[in-house]
Amino acid sequence: MSEAYKTVYVGDTAEIVEKKSRFIANLEHVESEEEALAYIETIRKKYWDARHNCYAYCIGKKQELKRCSDDGEPSQTAGKPMLDVLTGAGLCDTVVVVTRYFGGTLLGTGGLVRAYTAAAKAGVEASEVIEKIPAVQFLVKVTYNQIGTLLYLLGQRGYSQLESEYAEDVSVRFLVPLTERASMEKQLLESFQGSAKTEIEDYGYYAKNGKELLLFEEEV
């Protein structure tokens, strides 16, 4: 069964300063290694005069592909710590590039690890992160006398209506997390004694960004 996963919805930029060295983190949502590499190249061109543009990315709903680069920094002091930030936060389909402008003072390996880790974390905190939840789409038809019960069930479970139509009967379309499909079917059956007409369709993923419901037609 497909599982929920986290990703960056809107990437952002964050900067920290450590002993006069500037560490600028840029994050972006990507869905392939090609997109990740293209974004890294874009950042390199933007900060063409920087000494280092280190990066890390995780691709796939289960972080199947993970890559990182120290870009000239001592081994394991930049890319790997940044990758650890992404994996630790559970972020998928995400790339982070941290650009360093050298401030004239050597930080040492421990200092570099801490600085790149802090910069990557600041970038994650500045970005909009969402959790994509696999779902199916329910279309339930009830009578006008039953609509109050249906809306109460939706409110109890925290489900958002996608659309509703008031005609001879009332039709309500809403998304149900894939893991809750069976329990929702059972509850509808028990609540309406089989009188409600229910159609179930595959959908994809959804996420909530504050009060906004985001829909993603991805294969579950």
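Hi everyone, let's start at Tyr 166, which sits in strand S9, residues 161-166. Strands here are DSSP runs of E with at least two residues, helices are runs of H or I with at least four, and both are numbered from the N terminus.

A quick word on the model. It is predicted, so to speak of local features we need pLDDT of at least 70, side-chain atom pairs count only at pLDDT 80 or more, and totals for chains, interfaces and linings use all residues. Residues are numbered from 1 along each chain as its sequence is written, and side-chain values use heavy atoms, leaving out hydrogens and water.

Now, the middle of the protein. The largest nonpolar core has 25 residues, and Phe 23, Met 82, Val 96, Val 98 and Tyr 116 touch the most other members. A nonpolar core means buried Ala, Val, Leu, Ile, Met, Phe, Trp, Tyr and Cys residues joined through side-chain atoms within 4.5 Å. Buried is under 20% relative accessible area, exposed is over 50%, and partly exposed is in between, with a 1.4 Å probe and protein chains only. Helix H3 (108-126) is among the elements that give two or more residues to this core, and the largest share, 7 residues, comes from H3. Apart from this core lies another, of 18 residues, including Val 136 and Leu 154.

Next, the rings. There are 8 aromatic pairs; rings of Phe, Tyr and Trp (its six-membered ring) pair if their centres lie within 6.5 Å, and planes under 30 degrees apart are stacked, over 60 edge-to-face, and the rest tilted. Tyr 47 and Tyr 101 have ring centres 6.4 Å apart and planes at 75°, so this pair is edge-to-face. Tyr 47 is in the loop between helix H1 (33-46) and S4, while Tyr 101 is in strand S7, 54 residues apart. Both of these tyrosines are buried.

Phe 138 and Phe 174 make a stacked pair, at 5.6 Å centre to centre and 25° between the planes. Phe 138 is in strand S8 and Phe 174 in strand S10, so the pair ties together parts 36 residues apart in sequence.

Last, two aspartates. Most residues other than glycine have a negative phi. Asp 71, though, has a positive phi of about 45°, and Asp 93 has one near 50°. Which of these counts as buried, and which as partly exposed? Asp 71 is partly exposed, because its relative accessibility is 27%, whereas Asp 93, at 8%, is buried.
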